[in-house]
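Visitor: Could you take me through a single part of this model in some detail, and say how that part sits against its surroundings? I would like one connected account.

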Amino acid sequence: MGIDIDRSKLRKVRRTNPKSDDIYLRLLVQLYRFLFRRTRCKFNEIVMKRLYMSRANCAPLSLSRLIRYMKHPTRADKTAVVIGTITDDIRTYKVPKLKVCALHVTERARGRILKAGGEIMTLDQLALKAPRGQNTVLMQGRRHARKIYRHFGKAPGTPHANTKPYVRSKGRKFERARGKRKSRAFKN
């Protein structure tokens, strides 16, 4: 009798390529794969891996958060690198001079950065300027900012749970603890 080798647990589940068929993204992957292979630099490896990521994992980064991250005195003349989208934030009035490199910058955010005397680069321009990621700061948007994460965690209604329930409506008779407390119609 032969040995039944279970290979289901041996499979490594991780992306080695982006799912997208976007030729420009594929060219960037090719470029950073080459750079990582030739330089063995951690920066290039991280950029390469983030180019593979799904859209849910490449969360957008707002301009206000970018400004806040770059305020640190050690990051004064460095380039912010975002493998994702930089979006505008109308709550921010003053935009300082920033050096930014991103996959995509929204139109209004682009206008505001350039108006402040800043600089916006693409990832291939960054590869020429800083092939090893010198004087750069890698940043990401908050992944848990997605609304779906409000529903994850302890079951809604259990003690110390701040989890949002999946409710059909926010009306009087939908998960309002009626009959449990006076403030919700009546208490039995």
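This is a predicted model: local features need pLDDT of at least 70, side-chain atom pairs count only at pLDDT 80 or more; totals for chains, interfaces and linings use all residues.

Guide: The axes of the two helices, H1 and H2, come within 8 Å and cross at roughly 155°; since angles over 145 degrees count as roughly antiparallel, that makes H1 roughly antiparallel to H2. On the side of H1, the contact is made by Leu 25, Leu 28, Val 29, Tyr 32, Arg 33, Leu 35, Phe 36 and Thr 39, while H2 contributes Asn 44, Glu 45, Val 47, Met 48, Leu 51 and Tyr 52.

H2 itself, spanning residues 42-52, has eight of its 11 residues buried, so it is largely enclosed by the rest of the structure. The buried residues of H2 are Phe 43, Asn 44, Glu 45, Val 47, Met 48, Arg 50, Leu 51 and Tyr 52, and what covers them includes, besides helix H1 (23-39), strands E2 (79-87), E3 (99-105) and E5 (136-139) as well as helix H5 (123-129).

Leu 28, which has its place in helix H1, counts as buried because its relative accessibility is 13%, under the 20% cut-off. Leaving aside residues up to four places away in sequence, Leu 28 touches Leu 51, Leu 103, Leu 123 and Asp 124. Leu 28 and Thr 122, although 94 residues apart in sequence, are 9.9 Å apart in space, C-alpha to C-alpha.

Methods
Residues are numbered from 1 along each chain as its sequence is written. Side-chain values use heavy atoms; hydrogens and water are left out. Buried means under 20% relative accessible area, exposed over 50%, partly exposed in between (1.4 Å probe, protein chains only). Helices (H or I, at least four residues) and strands (E, at least two) are DSSP runs, numbered from the N terminus. Contact means heavy atoms within 4.5 Å. Axes are lines fitted to C-alpha atoms, for helices over the stretch in contact, and angles run from 0 to 180 degrees between N-to-C directions. Angles under 35 degrees count as roughly parallel, over 145 as roughly antiparallel, 65 to 115 as roughly perpendicular and the rest as oblique.
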